[in-house]
Amino acid sequence: MLLADRVRRVAADILETAPEDLHSDSSADTVGTWDSLRHLSLVLALEQEFEIEFTPEEIEELLSIGLVQTVVEEKLTAKKLTTGKQAHESQLSLRPV
Amino acid sequence: MTDIHNLRQQIETDLREGFWAGAHAKLQQAWWQQPTSAAAAYVMACAERLREHRVLLPCRLAILRSFTIEPVVPILRAASFLADIDVTVQVGAFNAYAQEFLDPASSLYAFSPDVAILCLQTRDVVPEIWEEFSGLTPEKAREVVDQAIAQFHLWFSAFRRNSSAHVIVHTFERPGLANRGILDHQSQHGQGGLISELNHGLHLAAAQFQNIYLLDYEGLMSRYGKENWHDQVKWLTTRLPISAACLPRLAEEWLRYLHALGAPVKALVVDLDNTLWGGLAGEDELEAIRLGREYPGAAYLGVQRAILDLYHRGILLAISSKNNSPEALRVIDKHPGMLLRQEHFSALRINWNEKVRSLREIAIELNIGTDSLAFLDDNPVERERVRLEMPEVKVIELPENPVGFEHALRSSVIFERLEITAEDREKTRQYREQRERSELAKEPGSLETFYRSLAQRVEIAALGPESLARVAQLTHKTNQFNLTTKRYTAEQILQLAASPGFEVYSARVRDRFGDNGIVGVIITRTHEDTCEIDTLLLSCRVIGRTVETALLAFITDEARRQSLNYVRGWFVPTRKNQPAEDFYRRHEFRDNGTLGDATRWLLDLRQASISCPGWIDIHVSSRSDSRSEQPQFLTEYAAG
């Protein structure tokens, strides 16, 4: 399944709507169920689905389905790039200082 | 692993076509693959359509908290729904728990919960210890902890005055990094030590009240790793201290308690080949069966150890295996690695019948409902079959690799218990004796000869502190021979026993095979010239041996002794109490009208009498004849 579709499915579950009814510009202004508690649930559900963790700044950016898709994609790309690097760094950090 | 998208399409099809067991089984599968917030929302959306086709146990749950807990609620509801528990949740306001406890008019009591969860953070209850410990004098720190413990006493006793709900209390976590670093561990009275003392005090406080249970929060966090558990971003931005990944873990831990309180599994039915050992009893030589301390046999040894632990927890064990019986029994009896032997099993079905049939037979043999059975089998086809044909059976999901079997079994939430009574420990022995009794019943001779050969002695005693827990437990667990199926907590039993006109009795049955323990409960209420039977129940272990008649004879004798004219009884039908349906009619009670589903039955003591069967030796514990004199423990209860 495409990343964009996975994001829409998760959002649709949390917002109790059908994935077809969500578009890139769907936001708290256009989706009636998207309140602040639901926003927190959406953040948590995305973190569970994609095994990522948002920063406070990123959480504030997640204002529409399109923005959510962009931020998630960026995070997943960054995760892929850093996985190898982190392993290397953690080896280094075991050296006595 | 089936793709989640395909699985959802199949669920939609099942729901559309009314194949409810299929939809339920696939929803469970989807849930196990991904127990997330999104999946929870999906489960609850499907639940609306599935709800009326399941038998659900309702549970009203109040959550009292000092932090953001809301995101756990939908996950708990979904996990519970799939376990056939229908949870209605009320979340209390932030940090309002003290008022909620103390004010009898609070929304907590207005909600009338069955269960209340108290989840408080150490940092909220003893902020001095959490944040300012480095600057605290030992005397001040001690005082803070003592005050907190005193508060709990106060809250618990206020709660008990206003509600008989079960309470689950999170214990207090220690900081991942102590304020004083490794220096803290060098003293018993450091930050960590004091929080342990706080938890100890909490234990002591809870132990003074009925039905207050602790949840080891520190242990729960350590199971998944404290650093994975905490989420500093969510904590600082939304007061939610738990990471997204661990929210389902907390919901699952709560579900353990709901299982223990609501729908306990009574028996585990296990497969043999490739479940209890590696290999096939019918094909492999004994030496080739994989079971022992070395891998791969060690994986199966672990499974057996976990099953043995369940046995000691009071869970009955049974076997359902497609095998030739002698070959399977040879492994059980002779293999040096076996921890489980024939003596651990209360029922055996080693044959070539379908497992669904074997499970039904086992339930009948053990005198329990099929919804009290759990099923363990390495074969996913057998598991699926049971799920679809017997949706009420709790089927344990196993990974493909046997290395994971032990963990799957140990982490299962369905076997949880909050109390083990002496009867539970004795139960397996009693069932084995029961098997011998049934064999005796098959011997030629009249029924009366069988009754006489049992040499039964029924001992009836007024409620005492030693029987209280068992009496309350029986009201919850007895489904078949139960005339009114009223469920009472120990607290409620105490209240009844202390109320004017009410009497609560327990009945113990011994026979020549041994002591069956307390197996019967009688609760009566005398009003004017009538003794009304509020509760009359008998554990299925001793049904069909005329003990019921002995209990009724005791009730009528008591009524006569008090010069009453009538004994009145009710039959309230449930899904399971058909065995009790004809009881009053058979004992010459007159049909006295109905109220809803319930039928009322009346016996005129001036015209009829009921005598204890000649083959039962009935013994009533001597108690004070002066009715105004209450037993001391009830007087104490009423006073305090």
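This briefing describes the chains, their contact, and selected helices and strands of the structure above. The model is predicted. Chain A is made up of 4 helices and 0 strands, and the domain assignment divides chain B into domain 1 (1-54), domain 2 (56-262), domain 3 (267-410) and domain 4 (444-639). The two chains touch through 15 residues of chain B and 17 residues of chain A.

**Contact between the chains**

- On the side of chain B that touches chain A, the elements giving two or more residues are α3 (37-50) and α13 (232-238) of chain B.
- Helix α3(B) supplies the largest share of that side, 5 residues.
- By residue class, the side of chain B that touches chain A holds 9 nonpolar, 5 polar and 1 charged residues.

**Chain A**

- Read from the N terminus, the elements of chain A follow the order α-α-α-α.
- Chain A has 97 residues, of which 31% count as buried.
- Among contacts in chain A with a separation of 6 or more, 54% join residues 24 or more positions apart.

**Domains of chain B**

- The C-alpha centres of domain 3 and domain 4 of chain B are 38 Å apart.

**Helix α9 of chain B**

- Helix α9 (residues 138-162) of chain B has 25 residues, which should span 36 Å at 1.5 Å a residue; the end C-alpha atoms lie 37 Å apart, in agreement with that expectation.
- The buried residues of α9(B) include B:Ala141, B:Val145, B:Phe152, B:Trp155, B:Phe156 and B:Phe159.
- Among the elements that cover the buried residues of α9(B) are the helices α5 (97-102), α8 (127-131) and α10 (191-207) of chain B.
- The strands β4 (166-170) and β5 (212-215) of chain B also belong to this cover.

- B:Met221 lies in helix α11 (residues 217-224) of chain B.
- B:Met221 counts as buried because 21 other C-beta atoms lie within 10 Å, and the threshold for burial is 20 or more.
- Leaving aside residues up to four places away in sequence, B:Met221 touches B:Glu173, B:Lys226 and B:Trp229.
- B:Ile242 is 21 residues from B:Met221 in sequence, and their C-alpha atoms are 9.7 Å apart in space.

**The parallel sheet of chain B**

- Five strands of chain B form an open sheet with parallel pairing, in the order β8-β7-β6-β9-β10.
- The edges of this sheet are β8 (345-351) and β10 (394-395) of chain B; each has a single partner strand, so one side of each is left without a neighbour in the sheet.
- Strand β7 (residues 316-322) of chain B pairs with β8(B) in the parallel sense over 6 bridges.
- Opposite B:Ser320 stands B:Arg349 in β8(B).

**Antiparallel pairing around β13 of chain B**

- Strand β13 (residues 502-511) of chain B is mostly covered, with 7 of its 10 residues buried.
- Strand β11 (residues 456-462) of chain B pairs with β13(B) in the antiparallel sense over 6 bridges.
- In this region, B:Ala461 has B:Ser506 of β13(B) as its bridge partner.
- Strand β14 (residues 514-527) of chain B likewise pairs with β13(B) in the antiparallel sense, over 9 bridges.
- The bridge partner of B:Arg508 in β14(B) is B:Ile518.
- Strands of a sheet pair through backbone hydrogen bonds, either parallel or antiparallel.

Terms used:
Residues numbered from 1 in each chain as written. Chains lettered and ligands numbered in written order. Predicted model: local features only at pLDDT ≥ 70, side-chain atom pairs only at ≥ 80, totals over all residues. Contact = placed C-beta atoms within 7 Å. Nonpolar A, V, L, I, M, F, W, Y, C, P; charged D, E, K, R; others polar. Buried ≥ 20, exposed ≤ 12 C-beta atoms within 10 Å, placed from the backbone. Domains from an automatic or database assignment. Pairing = 2+ DSSP bridges. Expected span 1.5 Å × (residues − 1).
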